[in-house]
Amino acid sequence: MKKLNQPLIISTLLVSAIASAVHAVDVTWEVNTGIKHDDTLTIAELDQVSEQSDVALTLQGEAKVKWQISDKLTLKSNLSYQINDYQTYDTYDLNLAKVAFDLDYRLADSTIGTSYYFVDAELNKEDFLQFSQNSVYWSKLYDQRYLLRFSTDYKRKEFANLSDRDATSFGVSNQHFFFFNQAKSFVSLNLNIDNENANDNQFDYRGLGVRALYSHSFVGWDHDQQIQFGWQFNKRDYETTINDDSETNLGLQRKDKSQVVDAQWIFEITPSWSLNTKIEHGNYQSTIESLNYDETITSLSIKGTF
């Protein structure tokens, strides 16, 4: 497995620092640190579910660069590194290095663009997974209230030690945003369809996802605040029958589905620092008995933006 290109990271950071000094582009730096509790430790990519719970210390650093190449052409890049350090079960420690680029061009009444997203994941300090996504999209804003976005996505997964699960997928997504209350509030709806093909056919599936979100920004106690409530539904139909030596599941086609609800509160302490509280509860069901479970994750973090 190829490691994340360190010269690319160093070059991006240097360019960001130089650009910030000379004001050639818009550069934003973020740091986020906190704590989270997970009552059901899982590794979803490996279909691994445990009965253990644990607390993790989290830390993330991120650099965002926006370059206005012309009046109509904009390039945005993002580089981040995230650490999840569990206090009891080190086998679930997850570190994520992420790189993303987005190039968009404004037409007369819409926008077209392309983006690239790459993640290099380490599990318990060992190479685990690399994921990449290439997208082409079109969006249009109607009456400053309704934003419509279509995209096609090509994704690739490569595991360090499980080549049978290496996969490519092609998907389409459709996003809708409705803004109101002088753009202080919005609701969004995201629909997506994926068709994933793995090296081992037992991991091939067709997936459907729905994500709804309500967000509201307001001023309370003389501080800017934001609340968000979300709901997500995912369904996967696998193309092969279950092969787990279980008489109960013998001959059944594997089908997974999940529903996740979440709530988030962001409290701006100062213009540069904010406090973020989040709770997320998921219900996961499958024709594989061991993959039926509930999971609740709560977190508290503080973020600085410079």
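Arg254 and Asp256 are both buried. Arg254 and Asp256 are themselves joined by a salt bridge. Their closest N and O atoms lie 2.7 Å apart. The model examined here is predicted. In total, nine salt bridges are present in the structure.

A further salt bridge pairs Asp262 with Arg211. Here the closest N and O atoms are 2.8 Å apart. This pair connects distant parts of the chain. Asp262 belongs to strand 14, which covers residues 253-268. Arg211 belongs to strand 12, which covers residues 205-220. The two partners are 51 residues apart. Asp262 has a relative accessibility of 10%. The cut-off for a buried residue is under 20%, so Asp262 counts as buried. Arg211 has a relative accessible area of 24% and is partly exposed.

Another salt bridge is formed by Lys140 and Asp109. The closest N and O atoms of this pair are 3.2 Å apart. Lys140 sits in strand 8, made up of residues 126-142. Asp109 sits in a loop. That loop runs between strand 6 (94-106) and strand 7 (111-123).

Note on methods:
Residues numbered from 1 in each chain as written. Predicted model: local features only at pLDDT ≥ 70, side-chain atom pairs only at ≥ 80, totals over all residues. Heavy atoms only, no water. Salt bridge = Lys/Arg side-chain N within 4 Å of Asp/Glu carboxyl O. Helix = DSSP H or I, 4+ residues; strand = E, 2+ residues; numbered from the N terminus. Buried < 20%, exposed > 50% of the residue type's maximum accessible area, 1.4 Å probe, protein only.
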